[in-house]
Amino acid sequence: MAARSATHVLLPSGKRMPLHGFGTWKAERGETKRAVLAALNAGYRHIDCAAVYFNEKEVGQALKEWFATSGVSRSELFVTSKVWNTCHATDDVVSACKQSLSDLGVEYVDLYLVHHPYAWKFHGLPISENNWVLRDDKGDITWADGVTLQDTWRGLEKCVHLRLVRDIGVSNYPAVALMDALQYARIKPAVNQCEAHCYYQRKELRDVCARFGVHLSMYSVLGSGKRGPLQDAVVARIGREIGATPAQVLIAWGLHTGCSVLAKSANAGRIAQNFGAQRVALSAAQLRELDALDRGLMTCNMVEYWAFPSHA
Ligand SMILES: NC(=O)c1ccc[n+]([C@@H]2O[C@H](COP(=O)([O-])OP(=O)(O)OC[C@H]3O[C@@H](n4cnc5c(N)ncnc54)[C@H](OP(=O)(O)O)[C@@H]3O)[C@@H](O)[C@H]2O)c1
């Protein structure tokens, strides 16, 4: 079996980020608290959140209950949040961060990310279904005039100086935006969180991140609930060979790349099963078969979410 020993990655602040994280996107109102508690009880110690998931308050309720009953301290948990596109101006980043801390009920987040490299017009806080985007009369997104990604990064750096966050990074940054950020950053981005899975392996982006010392975190590693790698016949067959579910095979493949992996479920049984993927070992031959599944299939195409081709 191919060896895979690392379970954490060391970030610049000195905090160790667990490589296997629990996702909270599309965790519905009323089910988020239950799902996060199930994840924590299953063993997850890395929870991935964002203001635009509209559920940070519920995540906060779960964290509060769990800290009170588990005896686990805040320092043993890794919490990520992300600044939304409408809060890219330097001071808005700080306000948005404070809002997320208040909703999550924590004094700091371990990692704070620029959610997308797009600056839209500010439309109020907290971020909700009613204000996450401001459209003009023609229905087009309104952009934040004059706000650059460097302004946004200064806001994240400010959050570090204010001790609101420990490490900072980016998300959905193509190589060119990441390399530009490395030019103006006084505090270097620690992480780039991007879609990646067996059907969309991002080998070139992974190489760029590795070359510049930026850790790549893979999201939607199960294909985000769409038809994709989870239904793949090769993945299912490899699972049968080693007594693992297709989801476990996909998570184990992701972990094997050395990247961190984020997977979401609202179902306690699947959450526990997914967490168990950390113990799944794949042979070199199985890894080669999984590597060969790459077909550039993006499941989180933003055209579907806001009718703008973000990945163009
Ligand atoms: N930075 C970004 O822009 C960004 C974008 C997307 C995602 N993310 C992060 O990454 C996390 C994961 O990505 P994702 O939520 O898009 O998708 P995902 O984790 O790839 O897939 C989640 C889907 O898979 C299903 N599922 C989970 N475990 C399963 C299992 N064992 N067997 C069968 N189906 C299973 C879930 O359904 P059930 O819930 O019913 O189990 C859900 O429909 C997100 O939650 C979020 O935290 C970040």
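Predicted model: local features only at pLDDT ≥ 70, side-chain atom pairs only at ≥ 80, totals over all residues.
Biologist: Which residues of helix 1 meet helix 9?
Modeller: A35, A38, A39 and A42 of helix 1 meet A268, I271, A272 and F275 of helix 9. By class, this contact has eight nonpolar, no polar and no charged residues; Ala, Ile and Phe are among the types that count as nonpolar.

Biologist: At what angle do the axes of helix 1 and helix 9 cross?
Modeller: The axes of helix 1 (residues 32-42) and helix 9 (residues 268-275) cross at roughly 35° and come within 9 Å. Axes are lines fitted to C-alpha atoms over the stretch in contact, with angles from 0 to 180 degrees between N-to-C directions. Helices are DSSP runs of H or I with at least four residues, and strands are E runs of at least two, numbered from the N terminus.

Biologist: Turning to the strands, in what order do they close into a barrel?
Modeller: Eight strands close in the order 3-4-5-6-7-8-9-10, with parallel pairing; two strands pair if DSSP finds at least two bridges between them.

Biologist: How many bridges pair strand 3 with strand 10?
Modeller: Strand 3 and strand 10 pair over three bridges, and H20 has V261 in strand 10 as its bridge partner.

Key. Residues numbered from 1 in each chain as written. Heavy atoms only, no water. Contact = heavy atoms within 4.5 Å.
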